[in-house]
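Colleague: I would like to learn how to read helix packing and aromatic pairs in a model. Could we go through them one after the other?

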Amino acid sequence: MADGTPRTPIVTEQAADRLYIIDARNGVERRLLLDWVHSTANDLGGDNEPQWASLAIEDDDHALPLDVLRARLDGSPSRQVVPLRVAWRIPGFERDRALKFRHILFGDPRHPGPLRSRLILLRDRRRAQILVGEAATLDALRDRFCRQTGGGDGEGTDSPEFAGFVARQAGLALDVAERGIRGTRYKVPRFVADGLRTSPKFRAALAELSEATGRPVAELFREARPLMKEVIARPSALFLDLRARLDRMMFGGYAPEMEVDAAELARLRSILREHPTAILFTHKTYIDGATPSRLTYENDMPMLHSFGGANLDFAVMGEFFRRSGMIFIRRSFQDQPVYKLVLRHYIAWLLAKRFPLSWAFEGTRSRLGKLMPPKYGLMKYVLDAAHATGTRDVHFVPFVTSFDLIRDVEEYAAEQTGRNKKPESLSWFLGYMKSLKEPSGRIRLDIGNPVVIDEAPGPDDKRALEKIAFAVAVEANRVTPLTVTSVMCLILLGMAPRGATSAELLGAIGAVTDWARARDIRLSSELESGDDVALSATVDTLVESGLLTRYEAGSENVYSIDPAKHPMASYYRNIIAHHFLDRAMIELALFELRDGDSGDATAAFWAKIDRLRDLFKFEFFYPPRDEHRAAIEAELTRIDPVWDRRLASGDRGIAQLLRRCQPVVGHAILLPFAEAYSVVAEQLARARPGDAVDEKALLDAALVEGRQAYLLRRISSEAAIGKLLFANGLSLMRHMGLAEEATPVNLAARRALLMELRGLANVMETMRLSTVALADRLPGSGG
């Protein structure tokens, strides 16, 4: 019935020995199905009364009355078991999915009650469609029962457990048939607790736990039952539709259609169908977690199970999200072995049944725009589950959502400058939903190549876990596209405080996009197509939002970013900063060589690259050193095929390389980090011998001193003032051994680091000035 084998027709000779399992929720449905059974029996001939058993299988929240079914399973091995159900059609629903919130109160119109059913039949009997699930013989069902449950409770195929198994198989076969008319988006897990309870692997795990703890297996089973109810999500078609409607409301300010590559979408569909899958999305805003589920829903792919903290499982909202596929997990369960076992086998069950999972692998929203270090918790749960149950071929799919505008960015900028974050509340939620209605441009989705885990590592293999998470992060960075917003912020921040005319800006955008195409970096549709109308529309949205300013009173339109908006603009720039990181390091190293006495220029160049890598190791993901050096060499070759000879020739060759690097971008990428770190280094350098480092006090002082440094223009932008930037700077200095109790030796090292960071900032100011000087030549520059 539901084992995935091709459906076989029932020939006339077999018709006399059928058992119909009628999945009827009420008397009206039962009468419809029995009428169909008797009509079919008459058409096929035969003198015997049709055998049937009626069960409300679809409503699986209660124990099924199995006595009648159990008695009728005592037939010949060739007896055909045929499941039946009524599918109620809604006119026009399959076209526009017009489910309403009132259906929460009055019920899903696809599952009408007795009175509603009679009224529907009076108006249009065609709305009641008879579903015939895939039939199976009793012999095949007995074999399947023994194979999947190991014989169940030990009483064999005459037991109530076998009858329950047959009923569940009938329900699953009918679900498959119903998805044929309603769509794959409604593929939801059914009978999960029963599936776990009868699983040989789950029973064996409980037996092992019993032996380890000395507790009886029966007692562990009793403890596991309510935990299953707590952990297992119970999605239904009604709540999936309502969740989809809520998702559409959240994206009200964006263009109606999300942009996604058709080939990537087809590949994702194939992966979800064929492999245990987890979609890991980057997390920039409260709403980007809804884009994978919206994509799968709108493209008729299986629903995604997401994860939430158990603290969110409250009242109405908790039930709503549980019924739309959210799995609520306790924050800590180290000393709760039964809970851990239930969760592990539930996740493994979902993977094995091809129900995809989804979560933000950074764990929290990125407050700076660039990818945050991954959190290992959920990935470890999934890998532990796969390891414990032998689930192979798990696919982790990186998923990137790019927004022209992100409404959370203003909040992030305020947080980073020390203002308190507003607590989430009903009034906050309503205000946030209102802000999402404001015009916000387009949404683009990019789906990376899956990171495939043929065999899950053991629970104690931390190194393997880190490598898998790193591979996902690298692939997510690779498929992150350049967008109009991010490119304009990169250009204008790099030229600030000077603005740029329309012609200069178009020239700079052209130079950046040409550079990106040569490196197979993805571009948003406006940048890829060069569509001036689409580009202008996006720019208008950015101006109307206040992120960009446009001065239109003069002879030419001039674009700039208000200094107060630099922290917000830096967020969008940071989203794409990793694409330019190798280029930025090359430029900065070359400018340092140009301004210093380098001796062996080649050796000095690579020493500076290594130093920059070490200085910014808490901001960016790097490949291993050998791979990174190869990437740097590849970038140098694109700049100048004979770069090695020019570099070896000294000052003249370095000057030629720098001319080929114009317009430079390194200062726009790295200056905020160097300036932020210099603020922290200065606080450490002011200490007296014997002073300990109080992290909170130091970071609070850095916010105050950073503001003062900006007012005195010792740092160039408020984008360098931020709690996370300062915290990363302190992490670097702790890693360098400079955050221990102050001594004359480490105080000298702190001052040396401060001078080094200020020196880098001065070099990057030189780079900025060279860019400004070339502004009029940008349209014709090469890259």
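Colleague: At what angle do helix 31 and helix 33 pack, and how far apart are their axes?

Modeller: This is a predicted model, in which local features need pLDDT of at least 70, side-chain atom pairs count only at pLDDT 80 or more, and totals for chains, interfaces and linings use all residues. Residues are numbered from 1 along each chain as its sequence is written, and side-chain values use heavy atoms, with hydrogens and water left out. Two packed helices are described by the angle between their axes and the distance between the axes. Here helix 31 (residues 666-685) and helix 33 (residues 723-735) pack at about 60 degrees, their axes lying 8 Å apart; axes are lines fitted to C-alpha atoms, for helices over the stretch in contact, with angles from 0 to 180 degrees between N-to-C directions, and helices are DSSP runs (H or I, at least four residues) numbered from the N terminus.

Colleague: Which residues of helix 31 meet helix 33?

Modeller: With contact meaning heavy atoms within 4.5 Å, F673, A676, Y677, V679, V680, A681 and L684 of helix 31 meet residues of helix 33, including L725 and F726.

Colleague: How are the rings of F239 and F320 arranged?

Modeller: A pair of aromatic rings is described by the distance of the centres and the angle of the planes. The centres of F239 and F320 are 6.0 Å apart and the planes stand at 65 degrees, so the pair is edge-to-face (rings of Phe, Tyr and Trp, its six-membered ring, pair if their centres lie within 6.5 Å; planes under 30 degrees apart count as stacked, over 60 as edge-to-face and the rest as tilted). F239 in helix 12 and F320 in helix 15 are 81 residues apart.

Colleague: How many aromatic pairs does the structure hold?

Modeller: The structure holds 23 aromatic pairs, and F616, F620, F673 and Y677 form one aromatic cluster.

How values were computed. Helix = DSSP H or I, 4+ residues; strand = E, 2+ residues; numbered from the N terminus.
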